[in-house]
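Open the structure in your viewer and keep the selection tool at hand. The stops below are meant to be followed in order.

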Amino acid sequence: MITALWIMIALAALLGMILGYASIRFRVEGNPLAEKIDAVLPQTQCGQCGYPGCKPYAEAIAKGEADINLCPPGGEEGIHKLAELLGVEFKPFGENAQPKPKAVAFIDEQTCIGCTLCIQACPVDAISGAAKQMHTIIAAECTGCELCVPPCPVDCISMVPIEEQLTNWKWRYPVFKLRQTS
Amino acid sequence: MTRLHSFHGGIHPLTHKKESTQSPIISAPLPAQLIVPFRQHAGDAAKPVVQVGERVLKGQLIGEPVGMISSSIHAPTSGTITAIELQQIAHPSALPDLCATLVPDGLDEWGVRQPLNYRQLSSDELQKHLRRCGIVGLGGAAFPSDMKLSHPVVVDTLVINGAECEPYITCDDMLMRERAEGIVRGIEILRHALGTDSVLIGIEDNKPQAIAAMQRAVDDSSHPFKVVTVPTLYPGGSAKHLIKVLTGVEVPSGKLPTDVGVQCFNVATAYAAHRAVEHGEPLVSRVVTVTGNVEQPRNYEALIGTPFSDLVALSVAKPDTNRYIMGGPMMGVELPAVNVPLVKASNCVIAASDALFPPPPAPMPCIRCTRCAQVCPVELQPQDLFWFAQSHNFGKAQEFDLFDCIECGACAYVCPSSIPLVQYYRYAKSEIRARDLEKRAADLARERHEFRQFRIEREKQEKAERLAQKERAAAEAKAAAATVIATPVDPTADADDTQQMRIDAALARAKEQAAAATPKNTEALTPEQRAEIEAIEARRAHIHELAADAGADDEPPKHSQGN
C-alpha cells in the first residue's frame, strides 16, 4: 500500500517536472490565436473596426472584447472565415459597417499643395512625396483604407474603384436559365 | 519502332477534320485594316514603341517585351498606325485590351530581314533572337518560346507536337503536309538551342498524309529525328500527355516537362522558328482553320490582326450561323464579336449554329456515376471537384489537385447530366488565383504597416536620445561655467534649473542677435542731421508745454448732444 503510494507520488513529481520543463522550453511567444486571426484579416489597416489597425483588432477578438463583424474590407467572407476559425456563429454586418467595392486612392496632382498630411496618415507608406513637392499614390501598395482622405486640406484625394480588366478578370459562377415547362 | 505508352482515360469525339483538309492553304487577302493586340502571349503585355500616324514596314517592331515572360509584337504588313487604343479582343470576358490599328498601304514592304546561321549561334543568342522575333507557342497557349529554351536542367528529349487532337482543327495537319521541310529545319534549330540528342515527332494516326510528308522531310534532311504515329485519342495533343505516350515519362503534378528532361514544341512553333532564324522574319502571320458552318471550310495563312469577320467572309458563313468559337469545340472560347482580330494563339475559328452544335440540355444533378473520372486524362476525380467548386469549397478543391486539370472538357463531354463541369473548374481556379493575389497583397500591407510602426518608434527614440544628449551637453556647460566663477555648484541642480538656465541663455542670445542685426537709425549721424533732430525735439517740447498749459486752463471740449 505504502509502496504504491510512493510510486504514484514519485511518478506525479516526475511527470510534473517534465511538464514544467516543457512549458518553459517550448514556450510560444505572443498569442497564437491573435496571429491566426490577423492572418485572416485583410490588412487594410483602415481602423473601421474602431481599433488602430488589424493587429489590435485581432488581439481584441482573441480576448473576446470585439465582435467578428466589424471589418467591412474583409467582406462577408471574412466574417465566415473568422466564424470558422473561432467556432462561433456567422454574424451579418451592422447598419453602419457595410463593405464597399475595392478602391485605391488617387491624388489630383494639379491640386496637391505638398502638405505631407496624407503621407503621415497612410498606414502602409503607400504615398510618396515630400514637403512642398507633389505627392502621389503607389497604387500597388494602396490598401484602400481611406485614411488619407480626411486630412487633406485641399480635398485632392479621391477613392477610385478598381475596375475589371483583363488582368483581374475572373470566370463567373455558371448560371443557367431554367426552361419553362407549362 | 518506338514503344508507345498510354495515358488514363481520353475520349473519341467525331474529328470533323476532313472538311477543311480538302484544299491547300491559301493566303488570305490583305484586309482593310489590321488590329494588333499588344497582349498576344502568356505573361506581360508588350509596350508600344510606335506613334500614331507613323508609317511602319512589314515586320517592324511595334511592341517590345516587358519583363521576363513577354514577347515582341510586329507590324504584320507595311502601312500607317492610325490608332493605339483599347479594342475588343478574342477573350471570353469581352473586355477590351490595348491594340494598334494598322491601315495597310498595299505594298506589303518588308523591313530589314537578317537571316542567321543558327549553327554559329549559342542557345542564349538564339533565345534572344526568338524573343525579338516574337515567337510564341502556336499550339494555343502562346507561351514565349525563348523561355521554353532557357532551362536550368539537362533536357535529353525534344518532343514535337503534331498530334492536333482536337476536333475540327487542321492547321497543323495542313502545315505538315505542305511545309514539312521548313518544320524539320525549325526542329533542328530548336534541337540545337536545347542541346538534345533525341527528337520525337508525335503525329496522330488520323493524319496519314502529314505523317508521310514529315517522314519524307526527315529522311531528306538526314537528321536523326523519329516520326512517331500515335493513336488518335483526345486529349493526346496535350503536351504532358504526348510526352507520356512517346516517352513513358509522366510529368509530376506541379512540375514542368523540363523537370523530367523533356521539352515540347508545336510543329507550327518550329516552323515559325525556322522563318525567324533562317529568313529573319518575325512572327506576323499564321495558318488558321476556318470551318464549321461555312460553305468552304479550309486553312488560310492570315496576317496577325486580321479581323475574324474577314476570314469568315472568305469561307462564306451559312446564314444560320449565330456564334463563333476560337479554338476547337472542346476547349475553345466563344468570340465576343466576329470582328475581333486573329492573334498568335488563334489556330481555328468555327462558325457555329444551333443545328451544328445543339444547345446542351439543362444540367441535371450529378448522380455520381464517375464516368468523368473514367475519362479524365489527369486521373482526377471530376465529380468531387465539381462538388467543391459548386459549393465554393476552394481549399478542398485545391487539395484534390484542381490545378492539374487541363480543362480538356472530356468530363463534360461524357457527363450524362450534361453538367458544364469545365465552367465550374474555371470559376474555382480563377477565384483561387484572385484569393492568392489578395493574400499576397495583405501580407505585403501587413509587412509595410509593421515596418512603419517600427520606423515611427525608432524615430521617437532617436529624438529622445538627441534631446537627452543636448541636455547633457548643457549641464556640462553649466558645470564648466560654475567652476570658472568658482561658485559651488549645487549638486542637486535639477531639471528645472537646467530649463531656466536654457531659457535665460536663449533670451540673452536673442537680445544679442537683435542688437547685432539692426543698428538703430539714430546712430552714426552727420552733424547737420543731429542739429535738425535737436531742432525738431525742441519744437516738440515747446508744443508739449503749450498743450500742458492749455489743459491746465480749461477742460478739453466735450461733444454735446445738442450740436
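Predicted model: local features only at pLDDT ≥ 70, side-chain atom pairs only at ≥ 80, totals over all residues.

**Stop 1**

Colour chains A and B separately. On the A side of their contact there are 22 residues, which meet 20 residues of chain B. By class, the chain A side has 10 nonpolar, six polar and six charged residues.

**Stop 2: a helix pair in chain A**

Select residues 32-40 of chain A, which are helix α2, and residues 54-63 of chain A, which are helix α3. Their axes come within 8 Å and cross at roughly 130 degrees. How do α2(A) and α3(A) lie to each other? An angle counts as roughly antiparallel only over 145 degrees and as roughly perpendicular from 65 to 115, and α2(A) and α3(A) are therefore oblique to each other. The crossing of this pair is right-handed.

Now show the side chains. From α2(A), the residues in the contact are Leu33(A), Ala34(A), Ile37(A) and Asp38(A). From α3(A), they are Cys54(A), Lys55(A), Ala58(A), Glu59(A), Ile61(A) and Ala62(A). Seven of the residues in the contact of α2(A) with α3(A) are nonpolar, three are charged and none is polar.

**Stop 3: the parallel sheet of chain B**

Move to chain B and select strands β9, β10, β11 and β12. These four strands form an open sheet with parallel pairing, in the order β11-β10-β9-β12. Which strands of chain B stand at the edges? They are β11 (226-230) and β12 (262-266), and each has a single partner strand, so one side of each has no neighbour in the sheet. On average, neighbouring strands here are turned by 25 degrees against each other, direction ignored.

Zoom in on β10 (residues 198-204) of chain B and its neighbour β11(B), which run parallel and are joined by five bridges. To find one of the residue pairs, select Gly202(B), whose bridge partner in β11(B) is Val228(B).

**Stop 4**

Helix α4(B) lies across β9 (157-162), β10 and β12 of chain B and runs at about 150 degrees to β9(B). Helix α5(B) lies across β9, β10 and β11 of chain B, at about 165 degrees to β11(B).

In α4(B), select Ala180(B), Glu181(B) and Val184(B). They meet Ala213(B), Met214(B), Arg216(B), Ala217(B), Val218(B) and Ser221(B) in α5(B). The contact of α4(B) with α5(B) comprises six nonpolar, one polar and two charged residues.

**Stop 5**

Select Tyr168(B), in the loop between β9 and α3 (171-178) of chain B. Its phi is near 75 degrees, a positive value in a residue other than glycine. Is Tyr168(B) buried or exposed? Tyr168(B) has 24 C-beta neighbours inside 10 Å, so it counts as buried.

Then go to Pro235(B), in the loop between β11 and α6 (239-247) of chain B. The peptide bond that leads from Tyr234(B) to Pro235(B) is cis, with omega near 0 degrees.

**Stop 6: the antiparallel sheet of chain B**

Select β3, β5 and β6 of chain B. They form an open sheet of three strands in the order β3-β5-β6, with antiparallel pairing. The edges are β3 (47-48) and β6 (73-74) of chain B, each with a single partner strand, so one side of each is left without a neighbour in the sheet. Two bridges join β3(B) to β5 (residues 61-64) of chain B. Across this pairing, Lys47(B) stands opposite Glu64(B) in β5(B).

**Stop 7: around helix α10 of chain B**

Start at Glu379(B), in the loop between α9 (371-375) and α10 of chain B. Glu379(B) is not a glycine, but its phi is positive, about 55 degrees. With 12 other C-beta atoms within 10 Å, Glu379(B) is exposed.

Next, select α10 (residues 382-390) of chain B, where the buried residues include Leu385(B), Phe386(B) and Phe388(B). Pro382(B), Gln383(B) and Ala389(B) are also buried. End at His392(B), which follows α10(B) and has a positive phi, near 55 degrees.

Terms used: Residues numbered from 1 in each chain as written. Chains lettered and ligands numbered in written order. Contact = placed C-beta atoms within 7 Å. Nonpolar A, V, L, I, M, F, W, Y, C, P; charged D, E, K, R; others polar. Buried ≥ 20, exposed ≤ 12 C-beta atoms within 10 Å, placed from the backbone. Pairing = 2+ DSSP bridges. Axes fitted to C-alpha atoms, helices over the stretch in contact; angles between N-to-C directions. Parallel < 35°, antiparallel > 145°, perpendicular 65-115°, else oblique. Left-handed = near helix turned anticlockwise from the far one by under 90°.
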